[in-house]
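User: I am new to this structure. Please take me through its pockets and its helix packing, one question at a time.

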Amino acid sequence: MRTPVVAGRFYPGSPIELAETVDGLFAKAGTVQKETALAVVSPHAGYIYSGELASKTLSRVTVPETVVIIGPNHHGRGARVALSAQSWEMPFGEVPVDQEMAALLVEQGTAEITIDEIAHNPEHSLEVQIPFLQKLQNNLKIVPLVVSQITFSQCEEVATALADAIQALEKDILIVASSDMSHYESREAATKKDSLALQDVQNLKPQELYNTVFSNGISMCGVIPVVITLLTARLLGATRADLVDYTDSGYVSGDAKQVVGYAGIVIR
């Protein structure tokens, strides 16, 4: 079983304190009419910085029993497209992997999706999403994917594998792309750069997003997960992507000279 690596740092490690924190964040998000969505983009920083936006984003959608979570590989360890197949121990309790979908992804063999726990063990980008999802779905199962920097054509292969598996299973599945935006730039610079990337996301243009981020030096850590998510959502019939909100760490830290940007997006 995978054990938490950022409990007590990015979010409270105590189940009671974590429940108070997550409930409080959802309360701040307010009551909204939930929608069925294909995917969301949600930030993955410490809850003090991005938890309010993550809760605001995820509270807008109906969370089904199976959620695919795709995050960046910050550490560079393990396979380029790494799937975790073991259960995840979390403060709110164990979260199993949807073994049926995991098996479909591996059996296809077309996208180099590899079962590899080494890539997941030190990685926080998926873990921080899970307490929110557990609060919204009591019977949560996950399909955890960590991806390194890969080519656009490789993103297309992964997206095709995901879309084929989702269609084959014939059940509601939500994709959560875990990503922060620009890192350690001034608010002015981060907002300007991130607006370019977010425009491509909102226009459902994954190829343009890929090119925009790398050609403009935008330090969006989860660009590959978001590109894969956009490609998959389009294959599943997505027609729109709505920005829930954009913010940055400076509104909490008080430092607008060195911020990390955060965006929440719902894809339908």
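User: Which element gives the largest share of the lining of the largest pocket?

Analyst: This is a predicted model. In it, α2, β7 (183-185) and β9 (259-267) each supply at least two residues of that lining. The largest share is three residues, and they come from α2.

User: Which residues lie nearest the centre of the largest pocket?

Analyst: The largest pocket holds about 330 Å³ of space. Its lining counts 20 residues. Nearest the centre are Phe10, Ala45, Gly46, Tyr49 and Tyr262.

User: What is the volume of the second largest pocket, and which residues are closest to its centre?

Analyst: The second largest pocket has a volume of about 210 Å³. It is lined by 15 residues. Closest to its centre are Tyr49, Ser50, Glu52, Leu53 and Thr247.

User: Which element gives the largest share of the lining of the second largest pocket?

Analyst: Two or more residues each come from α1, α2, β8 (241-248) and α9 (250-253). By class, this lining has seven nonpolar, three polar and five charged residues. The largest share is eight residues, given by α2.

User: How are α1 and α2 oriented to each other: parallel, antiparallel, perpendicular or oblique?

Analyst: Helix α1 covers residues 15-29 and helix α2 covers residues 47-58. Their axes lie 8 Å apart, at an angle of about 55°. Roughly parallel would need an angle under 35 degrees, and roughly perpendicular runs from 65 to 115. The two helices are therefore oblique.

User: Which residues of α2 meet α1, and what is the class make-up of the contact?

Analyst: The crossing of α1 and α2 is right-handed. From α1 come Leu18, Thr21, Val22, Leu25, Phe26, Lys28 and Ala29. They meet Tyr47, Gly51, Glu52, Ser55 and Lys56 in α2. The contact of α1 with α2 divides into six nonpolar, three polar and three charged residues.

User: How many nonpolar, polar and charged residues make the contact of α7 with α8?

Analyst: α7 gives Pro206, Leu209, Tyr210, Val213 and Phe214. α8 gives Val223, Ile224, Val226, Val227, Leu230, Leu231 and Arg234. Arg counts as charged. The contact of α7 with α8 has eleven nonpolar, no polar and one charged residues.

User: How is α3 set against α5: oblique or perpendicular?

Analyst: Helix α3 (residues 99-108) and helix α5 (residues 152-169) have axes 9 Å apart. Their angle is about 135°. Roughly perpendicular ends at 115 degrees, and roughly antiparallel needs over 145. That makes the pair oblique.

User: What is the class make-up of the contact of α3 with α5?

Analyst: On the α3 side are Glu100, Met101, Leu104, Leu105 and Gln108. On the α5 side are Ala161, Leu162, Asp164, Ala165, Ile166, Ala168 and Leu169. The contact of α3 with α5 has nine nonpolar, one polar and two charged residues.

Note on methods
Residues numbered from 1 in each chain as written. Predicted model: local features only at pLDDT ≥ 70, side-chain atom pairs only at ≥ 80, totals over all residues. Heavy atoms only, no water. Axes fitted to C-alpha atoms, helices over the stretch in contact; angles between N-to-C directions. Helix = DSSP H or I, 4+ residues; strand = E, 2+ residues; numbered from the N terminus. Left-handed = near helix turned anticlockwise from the far one by under 90°. Contact = heavy atoms within 4.5 Å. 1 Å grid on protein atoms, 1.4 Å probe; cavity = no way out; pocket = protein on both sides within 12 Å on 5 of 7 lines; lining within 4 Å. Points joined across faces, edges and corners; volume = space filled by probe spheres on them.
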